[in-house]
Amino acid sequence: MPVGDNLARLDSGQLMPHARSLTGRTPAVAGVLTEAEIRATGETIAAAQEESGAIGWPDGQVDAWNHVECAMALSVCGLAGPARRAYEWLRATQRADGSWPRRAAAGGAVSEAAGESNHAAYVAVGVWHEYLVTGNIGFVARMWPTVRLAIEYAIGLQTPRGEIIWQRDAGGAPAGYALLTGCASMCQSLRCAVALAELTGQPQPDWELAAGRLAHAVACHPEAFEDKSRFSMDWYYPVLGGAVRGPGAPARLAAGWADFVVPGLGVRCVRDEPWVTGAETCELVLALDAIGDTRRALEMFADVQFLRDPDGAYWTGWQFANKKHFPNERSSYTSAAIILAGDALSRTTGGNALFRAIP
């Protein structure tokens with residue numbers, strides 16, 4: 001079938017394989033969070049959304065990766081209007097090279113003009129997730145040009161060994177190194193992009209090859225990456241992003257568990273600081289769930305609820321040496337991680353297996 005005909009089918013709203021329409025339910029995790037409580041958390045994200053559709057950090061700065069994470073959480077909660085406005089923001093603000101500014105201030109003024117490969121690529125995860133949750137093919141067709149341009153930007157930074165350089169500066173010059181966490185996340189992004197390409201009838205075999213090379217680098221070549229091993233994300237993200245699965249996954253998590261997990265509280269952001277964060281804890285929950293370690297995933301999800309505020313928002317982290325919130329802020333991206341973890345654990349929406357069954 002010609003590409004144009006296939007995209008016309010997408011625009012018509014015809015359902016395609018893999019998608020499952022919304023059940024109308026919001027996730028609930030028995031004994032931890034009710035549907036109403038998770039919905040309230042989603043509402044706090046919607047309340048933080050700018051008129052433009054952007055969803056930023058507590059200081060108003062916006063980056064595309066965390067923005068996508070929040071858009072996915074809105075969709076899980078059935079907040080379709082805010083979710084679609086978030087994706088429209090991505091379409092409106094993507095630059096000609098396929099990237100987004102690393103940070104933009106409230107109102108759209110660019111504060112850091114460099115473009116990160118991981119930020120760009122993550123839009124594919126968001127679009128695939130939205131399709132899984134809603135089954136809306138017209139949305140995929142509308143977002144496909146944005147996804148395609150973003151993935152080409154990221155792949156344009158791939159080295160012969162397979163890793164992807166983390167950014168281009170404002171002048172377009174690539175940085176001198178790759179980051180393990182970002183590349184591990186892009187393993188998932190590229191697989192979602194390949195699935196979207198197949199869905200639109202525009203298969204991208206070069207993307208499949210790039211995804212395989214990247215996954216091999218993440219799983220087998222630690223020397224390819226700048227040393228950021230004090231950060232917990234470098235520990236669990238190769239599992240979360242799908243590059244390390246099978247017997248190697250529980251072995252990797254076991255190797256860093258004592259360094260990064262604080263019993264009863266959650267996951268340290270960095271190994272050498274007395275500071276746990278909600279987002280990192282929920283990402284580890286997702287990684288554990290993805291490899292079938294449901295018991296510990298549920299335990300950690302319950303542990304992190306001490307960061308919940310009465311209105312449903314979540315504090316970013318907790319400095320457990322001086323017993324204070326650190327930083328002293330509530331963040332939408334932390335709330336988003338809670339919602340995505342709750343959906344994965346409860347198997348509620350069509351997107352609940354986003355990390356468990358990477359396409």
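1. **What you are looking at.** This is a predicted model, in which local features need pLDDT of at least 70, side-chain atom pairs count only at pLDDT 80 or more, and totals for chains, interfaces and linings use all residues. Residues are numbered from 1 along each chain as its sequence is written, and side-chain values use heavy atoms, with hydrogens and water left out.

2. **Confidence.** The protein chain has a mean pLDDT (the predictor's confidence in each residue, from 0 to 100) of 94, and 94% of its residues reach 70 or more. Please read residues 1-22 with care: pLDDT stays under 50 there.

3. **Overall build.** You can find 13 helices and nine strands in the protein chain; these are DSSP runs, with helices being H or I of at least four residues and strands E of at least two, numbered from the N terminus. Along the principal axes, the C-alpha atoms fill a box of roughly 60 × 45 × 45 Å.

4. Of the 359 residues, 57% count as buried, where buried means under 20% relative accessible area, exposed over 50%, and partly exposed in between (1.4 Å probe, protein chains only).

5. **Thr 159.** Look for Thr 159 in the loop between α6 (137-155) and β4 (167-168). Thr 159 counts as buried because its relative accessibility is 16%. Leaving aside residues up to four places away in sequence, Thr 159 touches Ile 165 and Arg 213, a contact being heavy atoms within 4.5 Å.

6. **Two positive phi angles.** Lys 323 is not a glycine, yet its phi is positive, near 55°. Lys 323 sits in the loop between β8 (317-319) and β9, and with a relative accessible area of 60% it is exposed. Arg 347, also not a glycine, has a positive phi of about 55°. Arg 347 belongs to the segment after α13 and, at 37% relative accessibility, counts as partly exposed.

7. **A cis peptide bond.** Between Phe 326 and Pro 327 the peptide bond is cis, with omega near -10°. Pro 327 itself is in the loop between β9 (324-325) and α13 (332-346).
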